[in-house]
Structure formats: structure tokens, C-alpha cells
Amino acid sequence: MSLYLGLDSSTQSLTAILLEADDRHRRVVFESSISFDEAFPKYGTRHGVLPNADQVTAVSPPLLWVDALESMFDRLSKTGLDLTHLAAVSGSAQQHGSVYLNATARSGLASLDPARPLAEQIAPMLSRAVSPIWMDSSTSAECAEIEAAVGGDRALAQHTGSRAFERFTAAQIRKFAKQDAGGYASTDRIHLVSSFLASLLTGAHAPMDPGDGSGMNLMDLAACQWWAPAVDSTAPGLGAKLPPVTRASSVVGTLSSYWQKRFGLPAARVIAWSGDNPCSLVGVGLVREGRLAISLGTSDTVFGLMREPRVDKTGTGHVFGSPTGDYMGLTCFKNGSLAREKIRDQFGLSWQSFSEILRRTPAGNGGRIMLPWFEPEITPTVLDPGVRRFGLSENDVDGNVRGVIEAQQLAMALHSRWMDVEVDSIHATGGAAANRDILQVMADVFGAVVYQLQVGNSAALGAALMALHGSATAEGRPMAWDDVISQFVEPMAESALNPDPRNRAVYADLIGKYADCERQALAHA
Ligand code: XUL
């Protein structure tokens, strides 16, 4: 039996999942999380982010992630598990965040002293004390400058998979280069959180994987190489500061002597780390085209694997690389659970009575439509929030309950069309995926079978499965991705919800009307 470790460094915590696997059996033998704020109060973070006076800047201390990584290996080494069987390690990290290192890191990473804690040895290698993260939206000016320099938003999206977004790394690097030219000049290497943590493990600058590299607005999706016009437009000399891009799930090194000596570990393979969304794609079992995952959480996201890098011409969706070597489309909606809860609370309902209304009211809501933009919306872009109703009275309990759920599902179906994937099944995750009446609307709108999938820590699980896949490939016995995920993320057959053909026909008509209502509302925004 060999062991495979998956780590997930998210905004607020570090999670580890250790799998034990041989040809026939696989099981999770260790699962643990470290909350950043609780475990390392000395950094003064709130929910993993440094408090900031303005609403738009979001930075975190990279040394916090370093401390957490070491602390997790310490925990692992005290479990009593025989870690000499550790075959491979991979990881997931919050996307878009960047870490800035000076030239001393080249030799410093290779000669870490196993007798001393890691963070104090990494500190002098940083050319910037903080890392901008995905929650930052302070770079609108830089986005506009980069788009103008490469020939517009369409050109940028066509090559890199997304138009310029404030949280994406190119705009963040440009802002740093403009505001602190000296700090930028002393930067020898810019990592993503994922490739930074992989570098700590291997003791050398690790390459980036295409999945996380595509969250930068810098990588040519089709070539999986840096796209020179974007790189040159972002900051002077940036090309020399970026790591190379490697193949997804490939071996980037072995655990350095620091980890071997400090924690008694073997020279296990380190498999390229990726971003949390690409890792979740594997962690929820989306290893072939035709399946979508819909996560119903604080925000609702719809994502799926694509064989080809098709780009969203409307500019709201993203294309990232997938750990399987394919691509993934992702569209994010901000008005998720908050909108559902607003309607529930407005009419003093319980989730049970909410569900009863969904069961007794007809699909299509008699043609009445709601646009549930309680908060500014990401998809479509709505900066001026407010619920819009078409033929629907504000006091109609049944109409509003059905209206909010149908609107969310129709919006997801409409704004994932650009992925051009023939959807046969959907894996539903997140808190609201427990509600089967909501999922029946999903099945009817998409015309697909919906399965409930209760996975916690899907990004860490995805990383552990990447370690298993990458290691098997390196040993010359490549595994099919379907075999990699089997036993872990197969949806429960008994949870299947089939679309009702009559309701499906109603929604096939209604989606056009819904799109018209959106257009009308946006024209008056
Ligand atoms: C994706 C994004 C977030 C972060 C969260 O584009 O910004 O999902 O990856 O960690």
C-alpha cells in the first residue's frame, strides 16, 4: 500500500487528505484542517486576509502559508502512520494570488536547515512582504491598461481564457511594478500560491501548471505557454521572472532533504500543484466532457470539463486548464444562497415550507420572471443591484419562491451555454444541494440527470487524486482518470433526479424569455 497526500491552501485554512491505495483498495486514512486565524494569530489575519482600510484591497502574509505547511507536516508525522510509504504529494491553492521572491531564493530553497523552522528561513527570500489575493478588486486601471495594450478585451480573452479581471495576477503584478518599482526590480521570481508551496517542498523554483497559470491573464491557453503580448504589456522584464509552465499533473521534483530530515519522510514525488477550482473539478469527479458540477453555496458556480478551450464571448466566464490536461469552463454567480434566504425570510418560511411551494406550483411560474439581483451580480455584470420582477407581484409568496429558484437555474443554463457542452449529468454540491426540490428544477431546466454529491474538501481530495495519477504515470503505469476517481467521487445512484419531459419543454421556451428580461433590465441599468 502506498500513501498519496493532497493539500489545499485556501483563503482561510490548510487542509490535508492522505489516501492509502493499491490496485484494488483505496481509502482516506487522514484528513485534517488548520484554520489560519486560529492557529497563527500573530499574523493578525481575519478569515485569512489582512485587515485593510479600503474595501477593494485584499492581501495575505505568505509566511502564514509557510507556517501552516510546516505545521501540517508536523501533525502528519505524529499520526503514527508509516509515512515511509508516502509515494507522492500534490496540492491545491486559492487561485490568482502571487508571491514575490528575490534572487537569494535560488540557493536558499535548496539549502534549508532542517533544524530550524521554515518561515524564518523563507522571510529573507521575499521581495514583497504580502501577497495580493483573489478577493482584491483594486486594479481596474491596470486591467484597462493591459487590455488596451494587447488589442482589447476580446483579444485577451481569446488568448488567455478571460478578459482582464481585477483579481487575476497580471493586473496585480502591474500594480506592484507601478507602485513599488524598487521592490519589483528586486523580484527575481513571481509565483502563484500553488507553485510557491510546491517550491518549498522540492527545494527549487517549481514550474506552474496550466490550470493555475490560466488564472493570470498571461498564459496562451492553446499553447500552454506564456503569451508574449500580455507578458510584455504587464510589466518590464516580466518574462524572466515567471516560472516555466509544465504539463498538468506532472512530476516537478521530490521532497527536499529539509522535509526528509525534519519529519522522517522519503523522497516522495511532488506532482505539480494547481488552483482550487481545477483541483475541485477532479475532486467532484468531472473527468470527462458532458458532466457539469453546480455548487450551490454563498455564490453559485457552474463548471465543467471541456476538451477544447472555447472562450466565453460575453466575457463573464473563465477558461482554465484542467488537471486532466483538458480545459474547464467556470461561471460564477454572486446571488446564490443569499438570494434564496432573502425570499425565504421575506415570507417567514422554513426550508420545508419553501420546498412544499416548489412541489405544488407549476413549472414556468405562469411566465412570470424574477431577476434576483439582491447584491451586485458577477454574471451578468450588474453594478446597480436590485430585484427586478416581470409580471410578478412582490407579495406573491408562491410566485416569488418559484421565481427565485427558476431564475437561478435559468441563468446558470443560459450563461454556461458558451461552454458548448452537451450536458447529460450534473453533480450538485454545496449546502443547498441537500434540497431535492431545488435540484428537480435544475434537472428540468438543464434536461439532465442531477446527482447529489456530498463531498467535503473537494479541492484537497482532487489534489490527492492528482498525486495518485501523477505518481502512477511516472512509474510507467498510467491510470485512466475514470479509474482514479472511482471509489471516491462516484455519485450515489439512488440520489438521481431525472428531468420531467413536460417541464423540460416549458423551460426550453422560457429560457428565451428569461434572456429577454435580462437584456431589458441591463439596458435600463
Ligand atoms: C476563481 C476565484 C476563487 C478562488 C478561491 O476565479 O477567484 O474561486 O480560486 O480560492
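This is a predicted model: local features need pLDDT of at least 70, side-chain atom pairs count only at pLDDT 80 or more; totals for chains, interfaces and linings use all residues.
**Entry 1: cavities**

Residues are numbered from 1 along each chain as its sequence is written, and side-chain values use heavy atoms, with hydrogens and water left out.

I read a volume of about 110 Å³ for the largest cavity, where a volume is the space filled by probe spheres set on grid points that are joined across faces, edges and corners. Its lining (residues with an atom within 4 Å of a point) has 14 residues, and Phe-333, Pro-372, Glu-377, Gln-408 and Ala-411 are the ones nearest the centre of the cavity. I looked up which elements take part, and found that α16 (397-414) and α20 (501-523) each supply at least two lining residues, with α16 giving the most, 4 residues; helices are DSSP runs of H or I with at least four residues and strands are runs of E with at least two, numbered from the N terminus. By class I found 8 nonpolar, 3 polar and 3 charged residues in this lining, with Ala, Val, Leu, Ile, Met, Phe, Trp, Tyr, Cys and Pro taken as nonpolar, Asp, Glu, Lys and Arg as charged, and the others, Gly among them, as polar.

The second largest cavity holds about 30 Å³ of space, and I listed among its lining residues Arg-368, Met-370, Glu-406, Leu-410 and Tyr-514. Here β18 (369-371), α16 and α20 each supply at least two residues, and the largest share, 4 residues, is again from α16.

Next I turned to the second largest pocket, with a volume of about 390 Å³; a pocket is an open set of points with protein on both sides within 12 Å along at least five of seven lines. Of the 17 residues that line this pocket, I noted Ala-413, Arg-417, Val-421, Val-423 and Phe-446 as the closest to its centre. α16, α17 (436-446) and α20 each give two or more residues to the lining, and α20 has the largest share with 4 residues.

**Entry 2: nonpolar cores**

I then looked for nonpolar cores, which are sets of buried Ala, Val, Leu, Ile, Met, Phe, Trp, Tyr and Cys residues joined through side-chain atoms within 4.5 Å, buried meaning under 20% relative accessible area with a 1.4 Å probe and protein chains only. The largest core has 86 residues, and Leu-218, Trp-226, Met-442 and Phe-446 have the most contacts inside it. I found that α16 gives the most to this core, with 9 residues. Because domain 1 (3-278) and domain 2 (285-452 + 492-525) both give residues to this core, it lies between them; the domain bounds come from an automatic or database domain assignment.

**Entry 3: helix α7**

Lastly I checked α7 (residues 169-179), where 8 of the 11 residues are buried, so this helix is largely enclosed by the rest of the structure. Among the buried residues I noted Thr-169, Ile-173, Lys-175 and Phe-176, and what covers the buried residues of α7 includes β6 (98-101), α5 (140-150) and α11 (228-234).

Definitions and conventions. On a 1 Å grid over the protein atoms alone, a cavity is a set of points where a 1.4 Å probe fits but cannot get out, and a pocket is an open set with protein on both sides within 12 Å along at least five of seven lines; lining residues have an atom within 4 Å of a point. Buried means under 20% relative accessible area, exposed over 50%, partly exposed in between (1.4 Å probe, protein chains only). Contact means heavy atoms within 4.5 Å.
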